[in-house]
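Take a moment with the model shown here. The text below walks through each chain in turn, then turns to where they touch.

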Amino acid sequence: MNEPDSICVPQAAFSFRRVLAVMLRHLYVLRRSWPRLLELAYWPLIQMVLWGFVTKFFLGHSSWVAEAAGVLISAVLLWDVLFRANLGVSLPFIEEMWSRNLAQMFVSPLRDAELIAALILMSLVRTLISVTPAAFLAMPFFDVWVFELGVPLVAFFANLLVFGAVIGITVSALILRFGLGAESLCWLGIFLLAPVSAIYYPVDALPGWLQIIALSLPSAHTFEGMRGVLFDGVFAWDHFFWAVGLNVVLLSLATLFFLHMMKMARIKGLLMQQGE
Amino acid sequence: MDSAAQPAIQVTDLSKSFNGVQAVNGISFRVEAGQTVALLGGNGAGKTTTISMLLGLLSPTGGEVRVLGARMPDERHKVLGCMNFSSPYVDLPKRLKVWENLTVYAHLYGVRDVKRRIAELSEDLELSSFIKRPFGDLSAGQKTRVALAKSLLNAPKVMLMDEPTASLDPDTGDWVRSYLERYRARTGATILLASHNMGEVERLAGHVLMMRAGQIVDQGAPTELITRHGRETLEQVFLDIARAGDTVPVGAAS
């Protein structure tokens, strides 16, 4: 056998090829696992059906819902974007821990920032697989066309995707530090933010002190923006810019936190010890 | 990074402690390019901790590690592309097929012609009969060969191997050792091997570092060690050293 030259050249500070390699590892699993694909789409579909019937009921009993029939279904689908975006980052990360693959990855030229980028892109893929079927089926089932939101839907989707990734990165960092015993944070962490994200009700329905917390989250600004489009037909630029600004700050902080936890993992020897 | 004068591995006064337990305690050694050196010691001697620091997976508490001139872990990205690692204590994703795992890692290491390299390794390491099977379905011997293939994807200049034949039957273990001998002869790669298999160490290593309780307590060529201790086999030397002196630190990573 002819050995190739050793790949002993300086490595790029950021390589999209390495990002794609990490994505490929997860796409290989997804593409032939129909139970996984089904699981991704299952909850958004169930949620859509459940809230579709709630909407039908409230159309005759609530003037607020009657003003904008799609408000609850749009809210639940956007909530699923946030939820799935969080899982889209944290689940692939803990899969590396379950399969005792973290050490292998980190003795390769893969950089911490490339892993984060790959997890965020995987989150986009998984989120699209999750919510797209429910978004399309809401039309024949309940006569709600979520895409009626138009271009603002892209802005809402992007902001929730990034905020979901922020939560996923933070949760992944905590699981790296505290081990797989903390893996339930993947599912539980985000629900802590649900009441103050003003998903199904306006921020001003919250007590004053909670409104301050709500408005410090990109999610509350996004759901306020969604209601602005559905009820008033207006895209609330102020809420959009708040959501973007907060996402930039929170994503930076979450990334720094993850990098700090990686450094701690190198001090405490956690990268070699992970696994079930 | 690749100067002829500099050693492949240079370890100076290296220490690592975990919550007050000294896993590695002020060790120093160097491995010249093209040499095969074995870290020999019982459980808890500090072999895996030392290898982890060489790989940049673990930050030292004190001292310095340099691999191909790069200080680990801070400068690891200068050299990780020309190193690789194999251990039964880390895994590859079990649901991925063998060729999928190798493809992912070939891209991570920046291998130029991925398909060709995998085909070469598949032929060389006799993977073809199970290359389309999920990694998790393989036997221990097959997994070891796949792990070896992964560790050779980038034709590394420095290979770190943690107990490469642990849990293998004698025939498969012999096959792996023969392969490593041929690979080293063909490429001139530097190999650092952690093991407590005396036969393996005698066969592969030109120099042995005997570790106990986080320290290097003796070193030399296998024959030198046997002569110096007045014994007939390296195993007897190992037992002399392992049973002498300090107890193994409880809880130290090894």
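From the N terminus on, chain A reads α-α-α-α-α-α-α-α-α-α-α. That is eleven helices and zero strands. The model is a predicted one.

Next, the overall form of chain A. Its C-alpha atoms fill a box of roughly 75 × 40 × 35 Å along the principal axes. The radius of gyration of chain A is 20 Å. A compact globule of 276 residues would have a value near 19 Å, so the two agree. Of these 276 residues, 46% count as buried. Contacts in chain A also reach along the sequence. Among those between residues at least 6 apart, 76% join residues at least 24 apart.

Now chain B. Here there are eight helices and ten strands. The C-alpha trace of chain B spans about 50 × 40 × 35 Å along its principal axes. For 254 residues, a compact globule would have a radius of gyration near 18 Å. Chain B has 18 Å, which agrees. Buried residues make up 52% of chain B. Of its contacts with a separation of 6 or more, 68% are between residues 24 or more positions apart.

Where do the chains meet? The contact takes 34 residues from chain A and 40 residues from chain B. Helix 2 of chain B gives the largest share, six residues. By class, this side of chain B has 20 nonpolar, nine polar and eleven charged residues.

How values were computed: Residues are numbered from 1 along each chain as its sequence is written. Chains are lettered from A and ligands numbered from 1 in the order in which they are written. This is a predicted model: local features need pLDDT of at least 70, side-chain atom pairs count only at pLDDT 80 or more; totals for chains, interfaces and linings use all residues. Two residues are in contact if their C-beta atoms, placed from the backbone, lie within 7 Å. Helices (H or I, at least four residues) and strands (E, at least two) are DSSP runs, numbered from the N terminus. Ala, Val, Leu, Ile, Met, Phe, Trp, Tyr, Cys and Pro count as nonpolar, Asp, Glu, Lys and Arg as charged, and the others, Gly among them, as polar. The radius of gyration is taken over C-alpha atoms; the globule rule is 2.2 Å times the number of residues to the power 0.38. A residue is buried if 20 or more other C-beta atoms lie within 10 Å of its own, exposed if 12 or fewer, and partly exposed in between; C-beta atoms are placed from the backbone.
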